[in-house]
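Notebook open, structure on screen. I'm going through the charged pairs, then the rings, then the surface, then the annotated site.

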Amino acid sequence: MKPNTNNKLFQSALVQEALKQSFIKLSPVKMFRNPVMFMVWIGTLVMAGVCVWIAAGEQKQGSLLYNLIVTLVLFITLLFANFAEAIAEARGKAQADSLRKTREETPARLENGHTVSSSQLKKGDIFVCEAGDVIPSDGEIIEGLATIDESAITGESAPVIREAGGDKSSVTGGTKVLSDKIKVKVTTEAGESFLDKMIALVEGASRQKTPNEIALTILLAGFTLVFIIVTVTLKPFADYAQTPITVAAFISLFVCLIPTTIGGLLSAIGIAGMDRALRANVITKSGKAVETAGDIDVLLLDKTGTITIGNRKATNFYPVHGIGEQYFVKAAVLSSMSDETPEGKSIIELAGINPSNYQINQPRFIKFTAETRSSGIDFDEVKIRKGASDAMRNLVEKAGNHYPQETDERVKTISSSGGTPLVVAENEKVLGVIELQDIIKPGIRERFERLRKMGIKTVMVTGDNPLTAKYIAEKAGVDDFIAEAKPEDKMNYIRKEQAEGRLVAMMGDGTNDAPALAQADVGVAMNSGTQAAKEAGNMVDLDNDPTKLIEVVEIGKQLLMTRGTLTTFSIANDVAKYFAIVPALFIASIPALQGLNIMRLHSPETAILSAVIFNAIIIPMLIPLALKGVAYKPIGASALLRRNLLIYGLGGVIVPFIGIKLIDILVSVFI
Amino acid sequence: MNTEIPGIVLMYLAVVILALPLGRYIGKIFCHEKTWSDCIFNPVDKLFYKLGGINPATEMNWKKHLAALLSINLVWFLIAMFVLTNMSWLPLNPDHNPSMSADLAFNTAISFVTNTNLQHYSGETGLSYLGQLSLMLWQFISAGCGIAIAGVVFMAMKERNAGKLGNFYCLFVRSCTRILFPLAVVLSLLLLFNGTPMTFKGKTLMTSLQGDSVAVSRGPVAAFVAIKQLGTNGGGFFGPNSTHPLENPSYFTNILETVAIFLIPIAMVFALGYVLKRRKLAWTIFVVMTVGFLLLLIPTVVNEMNGNPAITRMGIGQPMGSIEGKEVRFGPAASAYWAINTTVTSNGSVNAMHDSLTPLSGMNALLGMMVNCFYGGVGVGFLNFYIFIILAVFISGLMVGRTPEFLGKKIEAKEMKIAMIIALLHPFLILTGTAMSSFLYAHAPETYAGWLNNPGYHGFSEMLYEFSSASANNGSGFEGLGDNTPFWNIACGIVMLVARYLPIIGPVAIAGSLAAKKYVPESAGTLKTDTATFGLMTFAVIAIVAALSFFPALALGPIAEYFSIY
């Protein structure tokens, strides 16, 4: 089952849950977290008091009905704001639940033969899984190799191979073993897996405000304070002008002016950001990581899998002068007989010969080692070796043989056109060169172009030699590359960029990536990666998709933008609200101020009601935008600012004029 | 041909043409680069350093800068208090004027210390020449402090400049000797040649056309008026300020003084461009300020030249426009120009009665002070603008999906907190001050009957204007307000004090905190702050903050008055 990617915003089950939560969240302890909405909360209480006061006989505060309606609208405003947060939470939770379902109670067979429930597994326990078993908990394979169906998590139906040692040793609870048998060590306590942490984040239990959210809250609190000053000082001003103002009018003015729209949607926006990450199958460990992703300046990408499709393929055989093509191809095929790597297989594929056709007596296969950096086969008196050019040159020259000039040149030509040369030698004499080529993923160039427009520098990390790396870098359109990269090179590059003030993101899976993942500002670990890598990064990608970083960056940007644009919209709305309420307050005693009533609202009461009603209903109307996020377009910062300023700034000034007028027409029918 | 409009266009162009080279010169002074004035002032400055025991090479951090500024101000405040309360027996008092009462001296001393120059007294009868001279010295010190502290913020804004902010005493001395002093000498000579007196002799007798003999006050006026305008101080030598024929004798001196009011505030913007090597940023800021200025100026000029419809309805023609409370030698256009000029720059000198401006012009003068950063006071005007830049950067940074940064430094919660407090302070002081006075008046109109000459909307505008003027450190008065009472002296005194120092401390703290941060290099994703789009954004933030804070108050004052007349 692929996690729920249903994009319908309001599913009835979620809405019901959110409605319930909207009332629960009215508790002052919860409201206090949000200063803007807390003010509305107080205002509602005061209005309720006024209603009681009028019922008890007070005459100067207007009709009971009018005051009751104002109270009700304020109360609904609170519910709407709570609903926004609750629906975002419910959606996030539903998403997480669908992932959590994959790890329902499963029996776990321990090493000692006992069977316990998955929930009883402790960190350090070792269990055994065979073909057909569902893996009961996250863990690391300590023995064996298995093909595993991870579609429950990733939605990808092709099985993957996981084996002990190396970088592909992690297994995830809820995935299914298809073949073979593995021993797995539990790496997390029950309830502490990344997914559990993520669910806690979404549910708000451990959600902390991000630095950016804090700064924005200060801005909003500032505006709220301005309006407290404006409203409070209005009382003596009105005394001076000998205009009595009702409590309802004061509270309405205040509630309309404070930025309730963004205040009510702020936490929903934050949760929705994490939810969008989760929908992209990325588990974030904190809300801050998503935001930081939006700020990234440099992106470190592994070449293999990200920029090029999986593995290199053999594309050409180049025998040296004096060696027959057939002879060379035969040697190349023989040397690759035991080579299980995709490159090795691609050589046999290219040759189009089944190696078992050759009559070979007692072959001895020589495995690739880090020292010799070559592999091959020995039979009879023949020793065939295949390897990187410098390793082969060593081998040849050590035996006192000549390393041909033309091989040297061929190696360079292949390298500089992005290929990888493999030199084949028989009995320490060079036979020729095999060319392997990388295939660059279709569409990757456009994605890098998009990143460049966002202002993000892309860096390709590869083990290839500099010539090959340069060629591929140019062809794929990355800005920089690290060739012949060792793990510490990544680390050094990240440190260097950070020292210059840039924020760096990278993706990694191996244990040797862990320090760099921890050093990077945003480290995305692949779910298939080692536990160390997952601990070090601040996000885990369930799909193991190296291009995921690009999506994460856009999610981060969207999150910030949604906050910014809705803040602008909220504050711009105040202009129209002023024009609705200020004339309404004073028209009775200063008829001249009718000139300010440019919307020609029906009466002071309807004007005030229309403003508070508009103020309330704009919140649910913007919930879809808050949850989906404002669309990000990489058109450069200034153009983007112009666009958003036009839509949300100017729009924020105009929309309420129209909205309040329409509501006024409706309201004046009833009153 | 109507020469009034070309007259004000000329005055504006003249100031921009002069401000460009002056800005470069000020920038060089801040950066300690070679200028023509070195040969004259190096020995003078050395003398000051020696007398003060200052080592101008000592580096200060932003906190030390503030401490230096505040201690200079405190010492001179105490000296001013002493002089003002004792001048009756001190020398240089040929007209035998009395000492000031304690609350008036408190108000006056603060008023000059803070570059406000709100005057609840009249210079002819309220001050001895020693009092005038000590206030003149103050006009140098407060303006010098403003320029120097802006210099500190400029230095802090430089790229990769962690902690290297120079020495405050050195900046202060250089601002006074190399910027204010030479300009003041030139201007006072020009005024002197055009009829402004410069003498220590007492009143002189004049026989008027009717044959009466009148005692005419005089004194060291030319020197006083020059620094009053250049340092955006605005405190007049005489009670009627620059409407007085001896402070501002002719249309020509009016041109000189108008240019002088704007000169340094505009030059500071260009100095910023020079110091940061970001001329485009300076021009962006300049254009935003100018647009704001013009939006206030144009309706004011139009309103004043059209006259008052209430008078028209009485069947009286107004071919000269609204001339009530204006000097005939300046005319309505130049008076309107000055009214906006003096309120946007926090200068506060007047060449016409602001009380007599038509309602919307009065509102524009109020708005000039409420915004207080379209050019603004010397040095501090930019600091106010800086706060709005920080707010605009924050909001627009969010709008483009990037943690906000300004000139390579990230703006975070700490900076936002300070910026918000400072942005709030101005509306808070103006509105709560006006609210207090409205409350007192509304609940005991007989007790405070002496306050307001005009009841109703206009009386409200008078109170609003007084507190706006105090909070903007402007110093002009709407007049018509009986303001030499303990309430106004003390309330305005406190407002001036708070409104002067917090808006200096805030931006310096922000700049200091940003300077210590890691520099983030620009990329294609960085929002450029020197573009028209960002300028528009800053303008929108300024306009929205002013509109949201002051709309109800303005509606009850000038706007209500407007709708009741028109």
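**Salt bridges.** I get 33 salt bridges over all chains, counting a side-chain nitrogen of Lys or Arg within 4 Å of a carboxyl oxygen of Asp or Glu. This is a predicted model, where local features need pLDDT of at least 70 and side-chain atom pairs count only at pLDDT 80 or more, while totals for chains, interfaces and linings use all residues. Residues are numbered from 1 along each chain as its sequence is written, chains are lettered from A and ligands numbered from 1 in the order in which they are written, and side-chain values use heavy atoms, with hydrogens and water left out.

I looked up A:Glu143 with A:Lys183 and found the closest N and O atoms 3.7 Å apart. This pair links distant parts of the chain, with A:Glu143 in strand β4 (residues 139-149) and A:Lys183 in strand β8 (residues 181-186), 40 residues apart. My helices (H or I, at least four residues) and strands (E, at least two) are DSSP runs, numbered from the N terminus. A:Glu143 is partly exposed at 47% relative accessible area, and A:Lys183 is partly exposed too, at 23%. For the record, buried is under 20% relative accessible area, exposed over 50% and partly exposed in between, with a 1.4 Å probe and protein chains only.

Next, A:Asp378 bridges to A:Arg364, closest N and O atoms 3.6 Å apart. A:Asp378 sits in β13 and A:Arg364 in β12, so the bridge ties together parts 14 residues apart in sequence. I note that A:Asp378 is buried at 6% relative accessibility, whereas A:Arg364 is exposed at 51%.

Over in chain B, B:Asp45 and B:Arg178 form a salt bridge with the closest N and O atoms 2.7 Å apart. B:Asp45 is in helix α2 (residues 38-52) and B:Arg178 in helix α7 (residues 168-193), so this pair ties together parts 133 residues apart. Both B:Asp45 and B:Arg178 are buried. I also found a network back in chain A, where salt bridges that share partners join A:Lys457, A:Glu497, A:Glu500 and A:Arg502.

**Rings.** My count is 40 aromatic pairs over all chains. The centres of B:Phe374 and B:Phe539 are 6.1 Å apart and their planes at 15 degrees, so I call the pair stacked. B:Phe374 lies in the loop between α13 (359-371) and α14 (380-399) and B:Phe539 in helix α18 (residues 532-565), so the pair ties together parts 165 residues apart. The rule takes rings of Phe, Tyr and Trp (its six-membered ring) with centres within 6.5 Å; planes under 30 degrees apart are stacked, over 60 edge-to-face, the rest tilted. B:Phe374 is buried, at 5% relative accessibility.

**Surface.** A:Leu646 is in helix α22 (residues 637-670) and is exposed at 55% relative accessibility.

**Annotated site.** UniProt, in an unreviewed entry, places a "binding site" at positions including A:Phe368, A:Glu371 and A:Lys386. I placed A:Phe368 in the loop between β12 (364-366) and β13 (374-379), and A:Glu371 is in the loop between β12 and β13 as well. A:Phe368 is exposed at 56% relative accessibility, and A:Glu371 is exposed at 71%.

Key:
UniProt positions are given in the numbering used here, feature names are shortened, and annotations may be inferred rather than shown by experiment.
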